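Visitor: I would like a close look at a single part of this structure. Please take me through the charged side chains and how they pair up.

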Amino acid sequence: MNKFLAGGMAAILMIAAGLFWWQGRASRETTVTPRPEMVAAADLEPPVGDDNAFGAPPPMPPSATPQSREQRRFDRYDRNRDGIISRAEMLSSRTKAFKALDKDGNNLLSFEEWAVATSDRFARADGDSDGKLSRAEFATTAPKPKVKQRCGC
(Lines give C-alpha, C1' and ligand atoms only; values in the text may rest on other atoms or scores of the structure.)
Protein backbone atom coordinates (compact mmCIF):
# COMPACT_ATOMS: atom_id res chain seq x y z
CA MET A 1 0.00 0.00 0.00
CA ASN A 2 2.82 2.39 0.88
CA LYS A 3 4.52 1.69 -2.47
CA PHE A 4 1.39 2.75 -4.34
CA LEU A 5 1.09 5.92 -2.25
CA ALA A 6 4.76 6.78 -2.78
CA GLY A 7 4.45 6.12 -6.53
CA GLY A 8 1.35 8.30 -6.77
CA MET A 9 3.02 11.16 -4.93
CA ALA A 10 6.12 10.87 -7.16
CA ALA A 11 3.92 10.98 -10.27
CA ILE A 12 2.11 14.09 -9.04
CA LEU A 13 5.41 15.81 -8.25
CA MET A 14 6.80 14.97 -11.69
CA ILE A 15 3.69 16.32 -13.41
CA ALA A 16 3.85 19.54 -11.36
CA ALA A 17 7.55 19.99 -12.18
CA GLY A 18 6.82 19.45 -15.89
CA LEU A 19 4.04 22.04 -15.82
CA PHE A 20 6.31 24.61 -14.14
CA TRP A 21 9.08 23.93 -16.67
CA TRP A 22 6.66 24.18 -19.59
CA GLN A 23 5.10 27.44 -18.35
CA GLY A 24 8.50 28.99 -17.61
CA ARG A 25 9.74 28.10 -21.08
CA ALA A 26 6.60 29.56 -22.69
CA SER A 27 6.96 32.86 -20.80
CA ARG A 28 10.60 33.21 -21.92
CA GLU A 29 9.68 32.66 -25.56
CA THR A 30 6.98 35.34 -25.64
CA THR A 31 9.12 38.20 -24.29
CA VAL A 32 10.67 40.16 -27.13
CA THR A 33 13.25 42.84 -26.43
CA PRO A 34 13.59 45.52 -29.11
CA ARG A 35 16.99 46.12 -30.60
CA PRO A 36 18.57 49.54 -29.88
CA GLU A 37 18.39 50.65 -33.52
CA MET A 38 14.63 50.03 -33.55
CA VAL A 39 13.90 52.39 -30.62
CA ALA A 40 13.06 55.87 -31.90
CA ALA A 41 14.28 59.00 -30.13
CA ALA A 42 10.67 60.14 -29.65
CA ASP A 43 9.96 57.05 -27.54
CA LEU A 44 12.59 58.08 -25.00
CA GLU A 45 11.00 61.44 -24.11
CA PRO A 46 8.32 61.61 -21.44
CA PRO A 47 4.75 62.14 -22.64
CA VAL A 48 3.49 65.72 -22.57
CA GLY A 49 0.85 66.52 -19.94
CA ASP A 50 1.58 63.51 -17.75
CA ASP A 51 1.57 64.60 -14.09
CA ASN A 52 3.72 61.70 -13.06
CA ALA A 53 6.36 62.23 -15.78
CA PHE A 54 10.06 62.43 -15.02
CA GLY A 55 10.70 65.03 -12.34
CA ALA A 56 7.37 64.75 -10.52
CA PRO A 57 7.67 62.85 -7.24
CA PRO A 58 5.75 59.56 -7.04
CA PRO A 59 2.64 59.53 -4.86
CA MET A 60 3.33 58.55 -1.28
CA PRO A 61 1.39 55.72 0.38
CA PRO A 62 -0.99 56.69 3.17
CA SER A 63 0.48 56.55 6.64
CA ALA A 64 -1.24 54.87 9.55
CA THR A 65 -1.93 56.76 12.72
CA PRO A 66 0.03 55.39 15.66
CA GLN A 67 -2.14 53.80 18.34
CA SER A 68 -1.20 52.80 21.81
CA ARG A 69 -1.33 49.16 22.84
CA GLU A 70 -4.42 49.81 24.93
CA GLN A 71 -6.22 51.54 22.02
CA ARG A 72 -5.55 48.57 19.73
CA ARG A 73 -6.80 46.19 22.41
CA PHE A 74 -9.95 48.28 22.89
CA ASP A 75 -10.58 48.33 19.12
CA ARG A 76 -10.30 44.52 18.92
CA TYR A 77 -13.19 44.20 21.37
CA ASP A 78 -15.26 47.08 19.93
CA ARG A 79 -16.70 45.19 16.93
CA ASN A 80 -19.14 47.87 15.71
CA ARG A 81 -16.63 50.75 16.23
CA ASP A 82 -18.97 52.94 18.24
CA GLY A 83 -16.39 53.70 20.95
CA ILE A 84 -18.22 51.63 23.59
CA ILE A 85 -17.89 47.94 24.40
CA SER A 86 -21.20 46.29 25.10
CA ARG A 87 -21.55 43.15 27.18
CA ALA A 88 -22.19 41.07 24.05
CA GLU A 89 -19.01 42.38 22.39
CA MET A 90 -16.95 41.54 25.48
CA LEU A 91 -18.34 38.01 25.69
CA SER A 92 -17.97 37.26 21.96
CA SER A 93 -14.18 37.44 21.92
CA ARG A 94 -13.51 35.34 25.01
CA THR A 95 -13.77 31.90 23.40
CA LYS A 96 -9.98 31.32 23.54
CA ALA A 97 -9.98 31.67 27.32
CA PHE A 98 -11.80 28.39 27.95
CA LYS A 99 -8.68 26.53 29.06
CA ALA A 100 -7.68 29.28 31.46
CA LEU A 101 -11.12 29.12 33.06
CA ASP A 102 -11.11 25.33 33.53
CA LYS A 103 -10.99 25.19 37.32
CA ASP A 104 -11.09 21.43 37.83
CA GLY A 105 -8.55 20.64 35.08
CA ASN A 106 -10.67 18.05 33.27
CA ASN A 107 -10.38 19.88 29.90
CA LEU A 108 -14.14 20.38 29.90
CA LEU A 109 -15.66 23.79 30.32
CA SER A 110 -19.35 24.33 30.04
CA PHE A 111 -20.63 27.52 28.48
CA GLU A 112 -22.34 28.40 31.74
CA GLU A 113 -19.05 28.24 33.68
CA TRP A 114 -17.35 30.44 31.12
CA ALA A 115 -20.22 32.93 30.86
CA VAL A 116 -20.39 33.33 34.65
CA ALA A 117 -16.64 34.01 34.90
CA THR A 118 -16.71 36.48 31.99
CA SER A 119 -19.85 38.20 33.27
CA ASP A 120 -18.23 38.59 36.69
CA ARG A 121 -15.13 40.09 35.07
CA PHE A 122 -17.32 42.49 33.07
CA ALA A 123 -19.25 43.46 36.21
CA ARG A 124 -15.98 44.15 38.08
CA ALA A 125 -14.77 46.37 35.24
CA ASP A 126 -18.08 48.22 34.83
CA GLY A 127 -17.60 50.84 37.54
CA ASP A 128 -20.81 52.83 36.96
CA SER A 129 -22.98 49.68 36.36
CA ASP A 130 -24.48 50.98 33.13
CA GLY A 131 -23.84 47.73 31.20
CA LYS A 132 -21.17 49.33 29.00
CA LEU A 133 -17.42 49.78 29.31
CA SER A 134 -15.79 53.08 28.54
CA ARG A 135 -12.12 53.22 27.54
CA ALA A 136 -11.06 53.95 31.11
CA GLU A 137 -13.15 51.07 32.50
CA PHE A 138 -11.87 48.72 29.81
CA ALA A 139 -8.27 49.60 30.68
CA THR A 140 -8.78 47.95 34.08
CA THR A 141 -9.25 44.57 32.34
CA ALA A 142 -5.78 44.62 30.74
CA PRO A 143 -3.72 41.49 31.42
CA LYS A 144 -0.83 41.91 33.78
CA PRO A 145 2.56 42.07 32.01
CA LYS A 146 4.69 38.98 32.41
CA VAL A 147 7.87 39.46 34.39
CA LYS A 148 10.89 38.23 32.44
CA GLN A 149 13.38 36.42 34.62
CA ARG A 150 16.99 37.22 33.98
CA CYS A 151 19.35 34.43 33.16
CA GLY A 152 21.81 33.62 35.94
CA CYS A 153 24.48 32.60 33.46
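Guide: Start with a definition. A salt bridge is a side-chain nitrogen of Lys or Arg within 4 Å of a carboxyl oxygen of Asp or Glu. The model is predicted. It holds two salt bridges.

E70 and R73 join their side chains in a salt bridge, with N and O 2.8 Å apart. E70 is partly exposed, because its relative accessibility is 28%. R73 is buried, because its relative accessibility is 9%; buried means under 20%.

Next comes the pair of R135 and D75. R135 forms a salt bridge with D75, and their closest N and O atoms are 3.8 Å apart. This pair links distant parts of the chain. R135 sits in helix α5, residues 135-139, while D75 sits in helix α2. The two are 60 residues apart. R135 counts as partly exposed because its relative accessibility is 42%. D75 counts as buried because its relative accessibility is 17%.

Now find a charged residue without such a partner. D78 lies in the loop between α2 (69-77) and β1 (85-86). D78 is buried, yet has no salt bridge. Which side chain of opposite charge is nearest to D78? That is R81, 5.3 Å away. The cut-off for a salt bridge is 4 Å, so R81 does not qualify as a partner at that distance.

What does lie around D78? A polar atom of the D78 side chain is 3.3 Å from the backbone nitrogen of D82. Leaving out residues up to four places away in sequence, D78 touches G83, I84, I85 and E89. Among these contacts, E89 is also an acidic residue, and Asp and Glu both count as negative.

For contrast, turn to a nonpolar part of the surface. I15, L19, W21 and W22 form a nonpolar patch there. Together they have about 530 Å² of accessible area. One of them, I15, is found in helix α1, residues 2-30. I15 counts as exposed because its relative accessible area is 55%.

Terms used
Residues are numbered from 1 along each chain as its sequence is written. This is a predicted model: local features need pLDDT of at least 70, side-chain atom pairs count only at pLDDT 80 or more; totals for chains, interfaces and linings use all residues. Side-chain values use heavy atoms; hydrogens and water are left out. Helices (H or I, at least four residues) and strands (E, at least two) are DSSP runs, numbered from the N terminus. Buried means under 20% relative accessible area, exposed over 50%, partly exposed in between (1.4 Å probe, protein chains only). A polar contact is a pair of N or O atoms within 3.5 Å; within protein, one must be able to donate a hydrogen and the other to accept it, and residues adjacent in sequence count only if both atoms are side-chain atoms. Contact means heavy atoms within 4.5 Å. Patches are made of residues with over 30% relative accessible area and no salt bridge: like charges are joined within 9 Å, nonpolar side chains (Val, Leu, Ile, Met, Phe, Trp, Tyr) within 5 Å. Accessible areas come from the Shrake-Rupley method with a 1.4 Å probe; for residues, only the protein chains shown count as cover.
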